[in-house]
Amino acid sequence: SVLQVFDSSLNSYDSSSIISRINKNAPGVRTDSMFRVVFREASRVYQITGGAFDITLAPLINAWGFGSGEQMDLDTAMVDSLLQYVGMDKVILAGDRVIKSDPHVELNVNAIAQGYSVDILAAYLEGLGCRNYMVEVGGEIRTRGVNSMGNFWRIGVDRPDLGNNVPGSQLQVIINMHDRSLATSGNYRKFYEKDGIMISHTIDPATGFPKASNLLSVSILCDDCITADAYATACMVMGLEKAQAFVENLKGVDAYFIYGDRYGNYQVWNTDGLSKYIESP
């Protein structure tokens, strides 16, 4: 029942949801508190990431075949024509209404809403008096207290191997978590090949094209899963060096990156604060 309320607000695959009706420019749409939380956090992350995280990417996400719209056969000119509708400066939240500068502007919150759904379920459990839990939705996780053995929750991060489609079958690392949230973003599952080229679901708002990078997987740990989810996506867009500098300047945030070196081998990097909480699988 909690997730049904969430879907009615933020699920872009539900034609009757608030976000779908906003995208279709239905008259008189009023947002609810869930939508407003996600929109405001998305705006904040958009600002501090220099636009690397942008929920107005919906037209391009759809065009590349990773959204609810129809996939298109894109060239540079078509991408440029869609980019004119991208940017959070083109949409504002005024009270409980969304105002767009152009009706072609559309929102896709899939890179942040899933994390928020974890926070909502965690809050529901806490409201019932639960003090030890692990909530997971689609790989995004929030923990509190300890597991049934009285230890920190042990969460596995998958190796970013192409074709590694069974979560937990091939682990890269185990992270011991306590009262924190974890979100992981990568390109090794959500992609397709076209003319021998891998088209990934990480779209760069600056170019409108899928991001090509040696950064293969980003895991972010912080207090709230909504924030971890958005930061993980932003780091994938930034690439290795910029993402490292970004997370090192954030208080209360830890990161675990998996990237490929010039020889095609996996390398890892993590923030200092995470070192004592990671172990080999």
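Gly 186 lies in strand β7, which spans residues 181–186; strands (E, at least two residues) and helices (H or I, at least four) are DSSP runs, numbered from the N terminus. The model is a predicted one, in which local features need pLDDT of at least 70, side-chain atom pairs count only at pLDDT 80 or more, and totals for chains, interfaces and linings use all residues. Residues are numbered from 1 along each chain as its sequence is written, and side-chain values use heavy atoms, with hydrogens and water left out.

Gly 186 counts as buried because its relative accessibility is 16%, where buried means under 20% relative accessible area, exposed over 50% and partly exposed in between (1.4 Å probe, protein chains only).

Around β7, the picture widens to a sheet. This open sheet has 6 strands in the order β3-β4-β7-β10-β11-β12, with antiparallel pairing; two strands pair if DSSP finds at least two bridges between them. At the edges stand β3 (133–137) and β12 (266–270), each with a single partner strand, so one side of each is left without a neighbour in the sheet. On average, neighbouring strands are turned by 10° against each other, direction ignored.

Strand β7 runs antiparallel to β10 (residues 215–222), and 6 bridges join the two. Here Ser 181 stands opposite Cys 222 in β10.

Two helices complete this description. Helix α6 (residues 110–127) lies across β3, β4 (140–144) and β7, at about 150° to β3. Helix α7 (residues 225–238) lies across β4, β7, β10 and β11 (254–260), at about 155° to β10. Contact means heavy atoms within 4.5 Å, and axes are lines fitted to C-alpha atoms, for helices over the stretch in contact, with angles from 0 to 180 degrees between N-to-C directions.
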